Amino acid sequence: MVKTPITSLSKWDQKVEATAEEEYEGLRNVLDWTEEFGLVFVECSPGQGRKLIKKIKRDLPKKQVEILKFQEKKEICNLYDLVQHLPNREQIDILFIQGLEYSFIPYIKTGYGGQGDYYKLDNLPPILGHLNLQRERFRRDFDICFVFLLPFFGIKYFIQRAPDFFDWRSGLFIIHGEKDLIKLEANRLIGNADYDQYCQWNFSQRMTRILEIETLLKEDLEPEDKSFLLLEQGNLWVASSAYKEVIASFEHTLTFKPDLHEAWNNLGDTLDDLGRLKEAITSYNKALKFKPDLHEAWNNLGIVLGNLGRYEEAINSYDNALKFKPDDYEVWNSRGIALDNLGRYEEAITSYDRALKIKPDYYQALNNRGIALGNLGRYGEAIISFDTALKIKPNDLDISYNQWVVKQKNDPLAVYI
């Protein structure tokens, strides 16, 4: 299916690099001249929208200006009835509609940068179907100029999904914010970044943040700021298990800041999850080129090398990780596994012991230690290690099985239940 691009607007709307002042002046004039029904769309961030409403109230004092503001967690399906029941509807000249994009988000599927399935036609938000069907009633019943304040993705959604309603617009205006305020908003999103929190969010919450970032990326930001915003967008996609979008986001990040080690490391993680192990190694090596003490990348590199059977290289990678974070018990455990795979059981046991010294209840290391002891024929010690692991994780079938195998080797004639 061929989709209409956002640039496919009427010639009236296709302005040539209008300044912020010219854009605002055009909007103000349209609102001043409109006496009856009107329909205007403004592309802006929520913060810019709030400032814009204040300016219009100040500059058009004779106009009765009202606001319908919708919140993130409330889906709107019928705008006509909400306007119909406004107590002062007959006196309103200009009605700003803010936050309607939140009613689109539950219907947005994955996609990157406005591509993919963001605007898939078989998933129409009820509010847009409503507006398409009710447009004649809006014009017939309301002598109001409606101003829809929407971020970039919201405007695009209207163009793609509610074309009948959108085609009645008196104008589309793009209002960019002041650079200092945009910088503050970018810093807010970057400063509040928390991958663990992203994993706890539901899909709509993550999409809201992804689309907030996409809107900011349309603004005049420094390349470094854009790179960190894209990094967070990629992390949000990771939390959504949208791997195609993750890779596109991190690769886009690196076009702005090629030495951003976090992006190289996170890209490596995604490539590893997809089974693209050789590419993952390249990505981790890039991260380490720019930050040689990044212990996470050394650890991740070790895991991938181990999965490829390159155990000596994996051990070297784990040793490098431990130089920078010697108390990482998971790395000590992974190092032990690599040594185990090389048949170096005594060294593996030493590595597991280091992990357990840091975290005594680390049952995975106790299990692996039991296996290594069993491989050395030290069955009594192995059984004790498995017993300790099962006290911590009593229903673990793998540990129970490993213990049974060692007990059979220790006393083949015994019957264990």
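Colleague: How much space lies in the largest cavity, and what makes a space a cavity and not a pocket?
Modeller: About 40 Å³ of space lies in the largest cavity, where a volume is the space filled by probe spheres set on grid points joined across faces, edges and corners. On a 1 Å grid over the protein atoms alone, a cavity is a set of points where a 1.4 Å probe fits but cannot get out, whereas a pocket is an open set with protein on both sides within 12 Å along at least five of seven lines. The model is predicted: local features need pLDDT of at least 70, side-chain atom pairs count only at pLDDT 80 or more, and totals for chains, interfaces and linings use all residues. Residues are numbered from 1 along each chain as its sequence is written, and side-chain values use heavy atoms, with hydrogens and water left out.

Colleague: Which residues line the largest cavity, and what makes a residue part of a lining?
Modeller: A lining residue has an atom within 4 Å of a point. For the largest cavity these residues are Glu43, Cys44, Ser45, Gln48, Ile174, Ile175, His176, Thr215, Lys218 and Glu219. Three are nonpolar, four polar and three charged; Ala, Val, Leu, Ile, Met, Phe, Trp, Tyr, Cys and Pro count as nonpolar, Asp, Glu, Lys and Arg as charged, and the others, Gly among them, as polar.

Colleague: How many cavities of 30 Å³ or more does a search of the whole structure find?
Modeller: The search finds two.

Colleague: What is known of the largest pocket, and which residues lie nearest its centre?
Modeller: The largest pocket holds about 1,000 Å³. Of its 39 lining residues, Ser45, Pro46, Gly47, Gln48 and Arg50 lie nearest the centre. Helices H1 (20-33), H2 (46-59), H7 (179-191) and H9 (203-217) each supply at least two lining residues; helices (H or I, at least four residues) and strands (E, at least two) are DSSP runs, numbered from the N terminus.

Colleague: How do you know whether the span of H1 agrees with its number of residues?
Modeller: The expected span is 1.5 Å times one less than the number of residues. For the 14 residues of H1 this gives 20 Å, and the end C-alpha atoms are 20 Å apart, so the two agree.

Colleague: What is the mean pLDDT of the chain, and where is the pLDDT below 50?
Modeller: The mean pLDDT, the predictor's confidence in each residue from 0 to 100, is 86, and 89% of residues reach 70 or more. Over residues 1-16 the pLDDT is below 50, with 26 contacts in the model beyond near neighbours in sequence. Residues 112-119 are also below 50, with 36 such contacts. Where pLDDT is low, the predicted coordinates should not be read in detail.

Technical notes
Contact means heavy atoms within 4.5 Å.
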